[in-house]
Amino acid sequence: MKIHGRIVRPGAVVPGYVEVDGPAILSVGESAHTGDDIIVPGFVDLHCHGGGGHTFTQGVFEEAAQAAAFHLAHGTTTMLASLVSSPYELMRDATAAYRPLVESGAIAGIHFEGPYLSSVRCGAQNPDFLRDPSLEELTALIELSGQAIRMVTIAPELPGALDAIRFLAENGVAAAIGHTDASYEQTLAGVAAGATVGTHVFNGMPPAHHREPGPVVALLDSPAIVCELVADGIHLHDGTLRFAAHATGPDRAALITDAMDAAGMPDGDYELGGQAVTVTGRVARLARNGSIAGSTLTMDAAFRQAVGAGLDLVTASAMASTTPARVLGLSDQVGALEAGLRADLVVLSADLKVKQVLRSGSWV
């Protein structure tokens, strides 16, 4: 099977085709007869709490499966299931419940956004569940997960945080810095300990100041860090998104949704981590204080937002697929349109709307 269009590859957009043989890409070639469709690699979302009315945050297998299916229809062929700050018992139950989804390939792994976060910068995280990093908890969860846990977000200034970051790195789990009130120096200490990701950079951390650069500057300027960016026009001004992408380069920036179950759903009342959320005009906010509570974003919409903000197709594609695939250690499987990789791709119209989604060589 050959899929024709403008092929977005690392470094260039070429008129041509992607040839698929079973679950893999057989070849990518050039052709003069392509039409107006744009072909991009399947999107890879590092940070998502749910969508389509379903959530990853409750540890329920059926809910997680439906949330993953919703985002797959929007082009996300690889994703992490992100929880929010929770009691250890829920983290344990979710790990056990989602391990079969990881083993089947429905999701690529589990992301714990918390509970080891700053109470000062907790945002929409439930403050009742915040606590200092626990090697005992992390050890038990990793042993239970069978390598299903892929990322844990930690505030590096907390007691025991640097030891936890080192432990995660030693066990092949990405340590992400986020929801933090750390200084510039404390952030760099987290990076030196082995952190490799910045959780939704700019959000959930103090703003940069020319005499107190804080975590924003430390993360943007650290070669070891991939910076998550929520491209919905709400979390970040388009100018901020564009600046961040230029500061890091596309190999150190990853578009994420940070979506909650309200993604793809009408405005109304929802729940996140045991807290009431109100969605109005696609913006999700905590009912109690108005704090932004995740997003209603999908990765195809994030891709359109990034291009609309002035990023070219190659850069946006790297941020939506190639770079996050590398964060997960999956570059040899997904994230680009190259022979030998899994046949995951999205067919977009000229205005970047999803027309078709291919995963493992099968149309969704």
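Predicted model: local features only at pLDDT ≥ 70, side-chain atom pairs only at ≥ 80, totals over all residues.
In soluble globular proteins, nonpolar side chains tend to be buried together. The largest nonpolar core of this model holds 94 residues. Within this core, the residues with the most contacts are Phe56, Tyr98, Ile107, Val152 and Phe303. Helix H9 supplies the largest share, seven residues. A second core of 13 residues is separate. Among its members are Ile7, Leu337, Leu345 and Val347.

Residues up to four places away in sequence aside, isoleucine 107 touches Phe56, Ala68, Met79, Ala81, Tyr98, Leu101 and Val102.

Helix H8 spans residues 299-308, and helix H9 spans residues 313-327. The two helices pack at an angle of about 145 degrees. Their axes lie 9 Å apart. The crossing of H8 and H9 is right-handed. On the H8 side, the contact is made by Met299, Phe303, Ala306 and Val307. H9 contributes Leu313, Ala316, Ser317 and Ala320. Seven residues of this contact are nonpolar, one is polar and none is charged.

Valine 346 belongs to strand S18, residues 345-348. Its relative accessibility is 0%, so valine 346 counts as buried, the cut-off being under 20%. Aspartate 258 is 88 residues from valine 346 along the chain. The C-alpha atoms of these two residues are separated by 20 Å.

Methods
Residues numbered from 1 in each chain as written. Heavy atoms only, no water. Axes fitted to C-alpha atoms, helices over the stretch in contact; angles between N-to-C directions. Helix = DSSP H or I, 4+ residues; strand = E, 2+ residues; numbered from the N terminus. Left-handed = near helix turned anticlockwise from the far one by under 90°. Contact = heavy atoms within 4.5 Å. Nonpolar A, V, L, I, M, F, W, Y, C, P; charged D, E, K, R; others polar. Buried < 20%, exposed > 50% of the residue type's maximum accessible area, 1.4 Å probe, protein only. Core = buried A, V, L, I, M, F, W, Y, C linked by side-chain atoms within 4.5 Å.
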